[in-house]
There are 2 protein chains.
Amino acid sequence: MSVGDIYATDAQKLAVAAAEARRGAAEGGIPIGAALFAADGTLLGSGHNRRVQDDDAAMHAETNAFRNAGRQRSYRDTVMVTTLSPCWYCSGLVRQFGIGRVVVGDDQNFLGGQEWLAENGVEVSVLNDATLIGEMREFIAGHPVLWNEDIGEG
Amino acid sequence: MSVGDIYATDAQKLAVAAAEARRGAAEGGIPIGAALFAADGTLLGSGHNRRVQDDDAAMHAETNAFRNAGRQRSYRDTVMVTTLSPCWYCSGLVRQFGIGRVVVGDDQNFLGGQEWLAENGVEVSVLNDATLIGEMREFIAGHPVLWNEDIGEG
């Protein structure tokens, strides 16, 4: 799993995001991962939630993947793949930078702004991967205070 | 200008954000600044756009101020003050974390999601400071490619 490798299918792309989520879990963090791909499936960058690891409230999985993809001239043909439905913060990122497509691994444990994105011209694909749904459900049940902090539920 | 100091009025709060914008300009960066305050005007954190300085596309002024304020349990009573109308990315941040109030220094050079925030219960105050408007207008005119990159205009 390296920047520059090509991941042709949505399932392959989601596996990159899932690997990031599990890396975050192994670090003791919130297990959400994301990755940004070019139109041909080239991995531009990936990342995971870093709230716990860096004490950084601003680093959700999607923002971390976006950062790690570096400065791009256009995001129109890129695909943001995330293990969990993007919150308003990360949905705002997608809309502002004109990311053309979003692939969601799980919209059962959390529903962010994906419908708003679709209404505003973003192609949204929801895979609802049973393994990811189970892992996130288990995390939320075991860490309700941390989870609520991460989505701004006081 | 230090974390923990109290800034009572909106004008005083905006001056903190403006100082951040000018610090960014002095570093050769995009001159947008922001600061997050508690309900009583205590400065929690401030920051500025870091695209150029850190090659970091994810660090807008508001996200940088949010990061620098550290992990908070609740944002309901906080105030985000920004020199420029928050883009969708930063508006999404405000909505997701339930920041209660936004003070905007300039909505003439750029209009982001501030109306959407107001529709969703955020108190939005627009100061339209003539000096800030002039400084941002000059920056955009002098750096159109960089400016368009920062707002995702390809």
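A disulfide here is a pair of cysteine sulfur atoms within 2.5 Å. This is a predicted model, in which local features need pLDDT of at least 70 and side-chain atom pairs count only at pLDDT 80 or more, while totals for chains, interfaces and linings use all residues. Residues are numbered from 1 along each chain as its sequence is written, chains are lettered from A and ligands numbered from 1 in the order in which they are written, and side-chain values use heavy atoms, with hydrogens and water left out.

In chain B, B:C87 is in no disulfide either, with the sulfur of B:C90 as its nearest at 4.0 Å.

Buried means under 20% relative accessible area, exposed over 50%, and partly exposed in between, with a 1.4 Å probe and protein chains only. A:C87, at 5%, is therefore buried, and B:C87, at 4%, is buried.

Now the helices, which are DSSP runs of H or I, at least four residues, numbered from the N terminus. In chain B, the axes of α1 (residues 10-26) and α6 (residues 130-142) come within 12 Å and cross at roughly 20°. So α1(B) is roughly parallel to α6(B), a term for angles under 35 degrees. Axes are lines fitted to C-alpha atoms over the stretch in contact, and angles run from 0 to 180 degrees between N-to-C directions.

Contact means heavy atoms within 4.5 Å. B:L14, B:A18 and B:R22 of α1(B) meet B:T131, B:L132 and B:E135 of α6(B) in this contact.

Definitions and conventions. Helices (H or I, at least four residues) and strands (E, at least two) are DSSP runs, numbered from the N terminus. Angles under 35 degrees count as roughly parallel, over 145 as roughly antiparallel, 65 to 115 as roughly perpendicular and the rest as oblique.
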